[in-house]
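Hello,

Here is the structure we talked about, handed over for you to look through. My notes on what turned up follow below it.

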Amino acid sequence: MRLPLLALLARGPAHGYELKQDLEQLLGAAYPQPNVGQIYVTLGRLEKSGLIEGEEVEQSSRPNKKIYHLTDAGREALHVWYEETADEPRVRDEFFMKLALAPRTGLADQIALINKQRREYLNTMRSLSKLAAAESRDNRISQLLIEGAMLHLQADLDWLERCQEELEELE
């Protein structure tokens, strides 16, 4: 959450609720939305680390609000973030660990685990399909996010099929 908030502040000062709305509008319902409390806690941490600065703004009919802006250090952190590549291969997959350990523990059947995981992925795909249909076609970012998630799920389903074929050959 830290770096996406910094990225939103790169275009100009904003307060926490505005940042939450910007994230919701940009990413749509497909992306788990942070609550406003989480955003303000993160903003406090960013401020303490010197990546942003906050300024109290008086309001006549409402409590004061704090407007945040990016510091030079925050801008530099964003440059570093954009230069980094995502290095998240799914080697440390919790499901695979369960699958690998099941025969050693005798507590679970590998094929049953695969079938259960397959049902979960299919249910998630159905939910994403409904979400894609409900999401505004104008929000291309949200549509791309949903499409990417569905492609990952399809790859996971293909991989489960491969695991099942391999395990059935071993029997």
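Glu 24 and Lys 20 are four residues apart in helix 2, so about one helical turn separates them. The two form a salt bridge, and their closest N and O atoms are 2.4 Å apart. Please keep in mind that this is a predicted model. Lys 20 is buried, because its relative accessible area is 13% and the limit for that label is under 20%. Glu 24, its partner in the salt bridge, is partly exposed with a relative accessible area of 31%.

The next one joins Asp 22 to Arg 11, with 2.0 Å between the closest N and O atoms. This pair links distant parts of the chain: Asp 22 sits in helix 2 (residues 16-27), while Arg 11 belongs to the loop between helix 1 (2-9) and helix 2, and the two are 11 residues apart. Are these two partners buried or exposed? Asp 22 counts as buried at 19% relative accessibility, whereas Arg 11 is exposed, with a relative accessible area of 61%.

The other is made by the side chains of Arg 118 and Glu 161, at 3.4 Å from N to O. Here too distant parts of the chain are linked, since Arg 118 lies in helix 6 (residues 110-134) and Glu 161 in helix 7 (residues 140-170), 43 residues apart. Arg 118 counts as buried at 17% relative accessibility, and Glu 161 counts as partly exposed at 38%.

Leu 6 has its place in helix 1 and is buried, with a relative accessible area of 0%. Leu 6 and Ala 77 are 71 residues apart along the chain, and their C-alpha atoms are separated by 8.5 Å. A second pair to look at is Arg 75 and Ala 7, which are 68 residues apart in sequence and 8.4 Å apart in space, C-alpha to C-alpha. Arg 75 is located in helix 4 (residues 72-83) and is partly exposed, at a relative accessible area of 37%.

On the surface, you will find a nonpolar patch formed by Tyr 17, Val 36 and Tyr 40, which together have about 250 Å² of accessible area. Of these, Val 36 is found in helix 3 (residues 36-48) and is partly exposed, with a relative accessible area of 30%.

Which residues line the second largest pocket? They are His 15, Tyr 17, Tyr 40, Gln 59, Arg 62, Pro 63, Asn 64, Lys 65 and Lys 66. Tyr 17 and Tyr 40 belong to the nonpolar surface patch and also to this lining. By class, the lining is made of three nonpolar, three polar and three charged residues. The second largest pocket holds about 180 Å³ of space.

Note on methods: Residues numbered from 1 in each chain as written. Predicted model: local features only at pLDDT ≥ 70, side-chain atom pairs only at ≥ 80, totals over all residues. Heavy atoms only, no water. Patch = residues over 30% accessible without salt bridge, like charges linked within 9 Å, V, L, I, M, F, W, Y side chains within 5 Å. Areas by Shrake-Rupley, 256 points an atom, 1.4 Å probe, with all protein chains shown as cover. Salt bridge = Lys/Arg side-chain N within 4 Å of Asp/Glu carboxyl O. Buried < 20%, exposed > 50% of the residue type's maximum accessible area, 1.4 Å probe, protein only. 1 Å grid on protein atoms, 1.4 Å probe; cavity = no way out; pocket = protein on both sides within 12 Å on 5 of 7 lines; lining within 4 Å. Points joined across faces, edges and corners; volume = space filled by probe spheres on them. Nonpolar A, V, L, I, M, F, W, Y, C, P; charged D, E, K, R; others polar.
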